[in-house]
Amino acid sequence: MSKQYDVVVIGSGPAGYVAAIRCAQLGLKTACIEKWLNKEGKSVYGGTCLNVGCIPSKALLDTSHKFLEAQQHFQVHGIKVEGVEMDVPEMIARKDKVVTQLTQGVKGLFAANKVEGIAGTGKLVAADTVTVTDHDGKEQQLLAKHVILAAGSVPIDIPPAPVDQATIVDSTGALEFTEVPKRLGVIGAGVIGLELGSVWARLGSQVTVLEALDDFLPAVDRQIAREAQKIFAKQELDIKLGTRVTGSKLSKSGKKMVTVDFTDQEGEHQAKFDKLIVCVGRRPFSDDLIDPAVGVQLDSRGFIEVDQHCATNVPGVYAVGDIVRGPMLAHKGMEEGVMVAERLADKKTQVNYDLVPSVIYTHPEIAWVGKTEEELKAEGCEYNVGSFPFVASGRALAANDADGMVKLLADAKTDRLLGCHIIGASAADLLQQMVIAMEFSASAEDIGLTMFSHPALSEAVHEAALAVNGHAIHIGNRKRRR
Ligand code: FAD
Ligand code: AMP
């Protein structure tokens, strides 16, 4: 006999496990199906984010940052260290430990909230029916009043650089190197390419990033992107814009390496790398997830089509996270998971898609929310700008970490904050203050009138808010109306 549930969730990434937990909290009988097997072949929850995404990449970013600090930056503080060495297998083992702790954590949360976790591959075969094929090939059928599809995304492959997970790797393979590659190529100067390139550059790789677009970080406010480009150049990340990879060839004998063909304005070139990371984006993982007879609509790229509340065109079927439109970010999927769960429990929860924060976890971090200057100009919106460089922040100087700036954009008529753009140490955490403020429709004046602790990096946010209206204290006030 088929088991019966109020809700069946397919996928236990941040969108799926959060949706499942919230459904169960709201009294709905919930199962969450997950097919992921870890390196030891064990079924684990947490999806891309916990296993091969946000968390392991940040673990390596943190380790490599500490290594660079010890190697290059301690001396400024008068700390003398000699013989600093990197044990790469130890770094990877620590990363794996963090991953295991968190994936086990989701298992514990499922148990605590009475979500039934089911290991296997789920498929929607009717609006109210999901089949699960377990890892031994055994199939069972689940009946559900509601189904939430949260199957996430996978890296995009490109024919010129086929991934073998040995010499040419994707973002998953780049988290598993056993030694520091001498020459590292990265295809794609997006968020993931810059983060992974930074990890290995800090550990000593000579990193070349090949990016097809002429613009650097096109989604980022231009002033911040230019600042980032300068800082990355100082870090010796060789970012080649307007450079399209057209082919690659693995060495047939001797030490494994890859020769990459690429074209730029000047013509055709070749470069040799010991490892090549392909980071050209991710695609929704909707392959074989839904029987076409169910009639769930997908777009031409495989995203499941949903309305603003994540409902598909088939009643009772919802989709959340990377598998639907919008930025592929863990927190965006989590909020969608909560929204769907709460709407199933007759609440009116919504996601504010205008205030999805974005972060690039390089050093310094790059973080933004709301509109860029370029977007405001295109909309014909009159706005004021207030900015503050970290070099004028006492706390940043005390920490010897004063690259970057905070920039705030506010409506010229109403003073309402429209955008916040930060490049600097702890930008992600600083930004969050402005996400909250903007969620409450704060004006620049509201932030200016708020008391900030001294000395803290967040004072740069305060000063930028004061600068919007020409009242900055710790920096000269410049022309601000645009
Ligand atoms: P996923 O996390 O992809 O989870 C989907 C799950 O569904 C997977 O476990 C998969 O096995 C399972 N599944 C798929 N099909 C089936 C099926 N038929 N049956 C059963 N199970 C199935 N985002 C951030 O916000 N911040 C970051 O710092 C960040 N860093 C990243 C770094 C890297 C290297 C990468 C690759 C990604 C990063 N991301 C980051 C993106 C983030 O990981 C994703 O946006 C997020 O994981 C998407 O969540 P999701 O639940 O939609 O899908
Ligand atoms: P993102 O989508 O942010 O992960 O970034 C992926 C980046 O890879 C984009 O900026 C693309 O322009 C870039 N890209 C895609 N294909 C190629 C290619 N063949 N050569 C170089 N860059 C590429």
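Trainee: How do you know how much of ligand 1 the protein buries?

Mentor: Compare accessible areas, which come from the Shrake-Rupley method with a 1.4 Å probe. Taken alone, ligand 1 exposes 1000 Å², and the protein buries 95% of that.

Trainee: Which helix or strand gives the most to the shell around ligand 1?

Mentor: That's α2, with four residues. Helices (H or I, at least four residues) and strands (E, at least two) are DSSP runs, numbered from the N terminus. By the way, this is a predicted model: local features need pLDDT of at least 70, side-chain atom pairs need 80 or more, and totals for chains, interfaces and linings use all residues. Residues are numbered from 1 along each chain, chains are lettered from A and ligands numbered from 1 in written order, and side-chain values use heavy atoms, without hydrogens and water.

Trainee: What is the area buried between domain 1 and domain 2?

Mentor: It's about 1400 Å², with carbon and sulfur atoms giving 68%. Buried area is the accessible area (1.4 Å probe) that two parts lose on being put together, summed over both. In domain 1, V52, L61 and V88 lose the most area to domain 2.
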